[in-house]
Amino acid sequence: MNEGLQDRLEKFGLSLYMIRITLAASLSWLAVHGLYGDQYLYFAPLAAILITQGTVKASLEKGCYRLLGIVLGGAVSLIVGRFLDIGIVSLLLILLIGIGVATACRINVQAVSQVGVTSVLALTFYHDHYVVWRLAETLIGVLIALLINMIIVPPKGFDKVKGLALEGSLLLADSLSGLAAGGKAGEPASSTLKRSSALLAKSSSLQKELLYTLSHYPCRKEMHGLAEATAHLQKVHFYVQEIAEELSLLPAHYAASDRMNEVMAATADCIALYGARTLSKAEAGRPLTESARHARELQLSWFAELQGHCPLTAIRDLGAVFSHLNRVLDVIEQAGYAAVSAAALPARSEAARSIPLVNKGLSHKL
């Protein structure tokens, strides 16, 4: 679906969620009508409406819980119904057994409620094969709803999750460069760090959701690279968070010095450069390896200078900061090397395929 078309439809109340529910329910009704005729046509549309969620994963979970509740509730109703007449005693017994078993097995609360609903209705329609019909048609509704969720997805989903990861990487770089400048009162930097974590986590979650859709198939290779880049950035985020905690323990004249600020800024530039080169089409003027080497030289020179006029306790705490800064560069360099290797792989494969043709041509000439 086109993004502009979706925006125009939502102005008239035609949201993506509403379109999914309408199509899933209608197609479920048509499917059941074509297979079984006019009996119990409402089960499949009802299941499609109730299990359709914003994501494929959520719909799958809700559908599984619903089917599980129908199986358990229907089985208990059929067993009890064979020995007791329909009445308050049989109803009470069915609910106690069905919901009690579901609760004891630690089944999700959605499945537990479905056990109760199915138990009551199955007892009411005991002589009309209610459980079999309901299970079959609910399964049809669940399958059609899942298929609709896989096909009808928000437009440009891959670009959106990639943009979230890029924004998270830039905020991560900003938070690192602002740590030294903020010193102990680095509230803006800590806030930026939290926002970066939220964006990276959201991007990672949406990437997993895209894997369940059909729209991800054309960009599956890019999805793999995006997942790896996001994982690397989340690892970097962990080290930056450790740096923030260690800096809060240092005296201000160490944590907020000009040299420390320079070291932080150089390391942050490497994070921003990696994010820009990996998650966008922007051309970076300075190679990542050169920036990482420059940042590492600044780290070593400043740490060596500090050892000459710092007490041992300060050296100990500063060592933790510089250790994490070095790990940030290690992760960035490894991630950059992996990205370059992955990009060069198709070219090497093409060259390898061309070698036999070249050899064949030379052999004919010889």
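Predicted model: local features only at pLDDT ≥ 70, side-chain atom pairs only at ≥ 80, totals over all residues.
1. Residues are numbered from 1 along each chain as its sequence is written, and side-chain values use heavy atoms, with hydrogens and water left out.

2. The chain has 14 helices and 0 strands. Both are DSSP runs numbered from the N terminus (helices: H or I, at least four residues; strands: E, at least two).

3. Of the chain's 366 residues, 39% are buried. Buried means under 20% relative accessible area, exposed over 50%, and partly exposed in between (1.4 Å probe, protein chains only).

4. Among contacts (heavy atoms within 4.5 Å) between residues at least 6 apart in sequence, 76% join residues at least 24 apart.

5. Helix α13 covers residues 288-306, and its end C-alpha atoms are 27 Å apart, which agrees with the 27 Å that its 19 residues should span at 1.5 Å a residue. That expected span is 1.5 Å times one less than the number of residues.

6. Which residues of α13 are buried? They are Leu288, Ser291, Ala292, Ala295, Arg296, Leu298, Gln299, Trp302 and Leu306. Because these cover an arc of only 160° around the axis, they lie on the same side of α13; the arc is that of the directions from the helix axis to the C-beta atoms. Thr289 and Leu300, on the other side of α13, are exposed.

7. Leucine 96 is in helix α5 (residues 88-104). Leucine 96 counts as exposed because its relative accessibility is 57%.
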